[in-house]
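Good morning, everyone. Please look at the model on the screen.

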Amino acid sequence: MRLPKRSIPKWLVLLVLLAEVGLLGVAVVSHKMEGGSYDGVTLCYPFRGPVQMFDSTLSDSAAMLTRTHEAVHARQCREMGAVANFFTRVTTKGRLRLESQAYCAQAMQEVSWGAKPSAVFDRIVEELAEVAIGRSYGKVDAAGIREIMTRECPGLSAPGSPPA
Ligand SMILES: [Zn+2]
């Protein structure tokens with residue numbers, strides 16, 4: 001008896017295996033806390049989609065900001081798919097773009113609570129430098145980060161918002 005010939009490409013099998021062992025489970029990590037643990041993590045798997053984990057000891061406001069931020073990553077995962085998400089995050093520019101969108105949602109929340117937009121903008125640019133540098137390929141300087149953040153978050157950095 002002959003088995004039907006399989007037509008699944010080897011690269012696809014490899015990709016799925018990598019995803020299953022977590023190598024391609026795109027770790028979307030934000031807010032490194034003191035001590036090295038994380039406030040929230042979104043993993044983006046092929047087929048399964050986003051899987052999220054949160055630190056349950058966060059204060060209410062910190063938990064809300066973290067969930068707002070990670071919700072954007074979950075949406076990116078669903079919209080782009082895990083493979084595109086992974087390859088976008090490999091590059092510093094791609095990673096900065098996706099993180100800017102997540103930080104933007106979080107920032108608008110903070111502004112709605114009364115935070116000063118320009119101060120939030122500056123803090124996020126600093127955090128973005130930490131999130132992206134050394135974790136992906138390519139170089140973006142501080143001015144480049146500001147530019148990406150301005151483009152991805154026009155609400156926060158709209159002309160007319162007073163400088164810090
Ligand atoms: Zn993030």
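The axes of helix α3 (residues 82-90) and α4 come within 5 Å and cross at roughly 115°. That angle makes α3 roughly perpendicular to α4. Angles of 65 to 115 degrees count as roughly perpendicular, under 35 as roughly parallel, over 145 as roughly antiparallel, and the rest as oblique. Axes here are lines fitted to C-alpha atoms, for helices over the stretch in contact, with angles from 0 to 180 degrees between N-to-C directions.

Two notes before we go on. This is a predicted model: local features need pLDDT of at least 70, side-chain atom pairs count only at pLDDT 80 or more, and totals for chains, interfaces and linings use all residues. Residues are numbered from 1 along each chain as its sequence is written.

Which residues meet between α3 and α4? On the α3 side, Thr88, Arg89 and Val90; on the α4 side, Gly94, Arg95 and Leu98. Contact means C-beta atoms, placed from the backbone, within 7 Å. This contact divides into two nonpolar, two polar and two charged residues. Nonpolar covers Ala, Val, Leu, Ile, Met, Phe, Trp, Tyr, Cys and Pro; charged covers Asp, Glu, Lys and Arg; the others, Gly among them, are polar.

Now the other neighbour. The axes of α2 (residues 60-80) and α3 come within 6 Å, crossing at roughly 120°. Gln76, Cys77 and Met80 of α2 meet Ala82, Ala84, Asn85 and Thr88 of α3.

The arc is that of the directions from the helix axis to the C-beta atoms. Buried means 20 or more other C-beta atoms within 10 Å of a residue's own; exposed means 12 or fewer; partly exposed is in between.

Step back to the whole protein. It has six helices and three strands. The order from the N terminus is α-β-β-β-α-α-α-α-α. Helices (H or I, at least four residues) and strands (E, at least two) are DSSP runs, numbered from the N terminus. Of the 164 residues, 30% are buried.

Where is the largest nonpolar core? It has 19 residues, and those with the most contacts inside it are Ala107, Ile124, Leu128 and Met149. Helices α4 (92-112), α5 (117-132) and α6 (142-152) each supply at least two of its residues. Such a core is a set of buried Ala, Val, Leu, Ile, Met, Phe, Trp, Tyr and Cys residues joined through C-beta atoms within 7 Å. Another core lies apart from it, with five residues, among them Leu43, Cys44, Cys77 and Phe86.

Next, α6. Its buried residues are Ile145, Ile148 and Met149. Down the axis of α6, they fall within an arc of 95°, so they line one face of the helix. They pack against α4 and α5. The face turned away carries the exposed residues Ala143 and Arg151.

Last stop: Phe47. It sits in the loop between β2 (38-45) and β3 (49-54). Is Phe47 buried or exposed? Exposed, because it has 9 C-beta neighbours inside 10 Å. Its phi is near 70°, a positive value in a residue other than glycine.

Key:
Contact = placed C-beta atoms within 7 Å.
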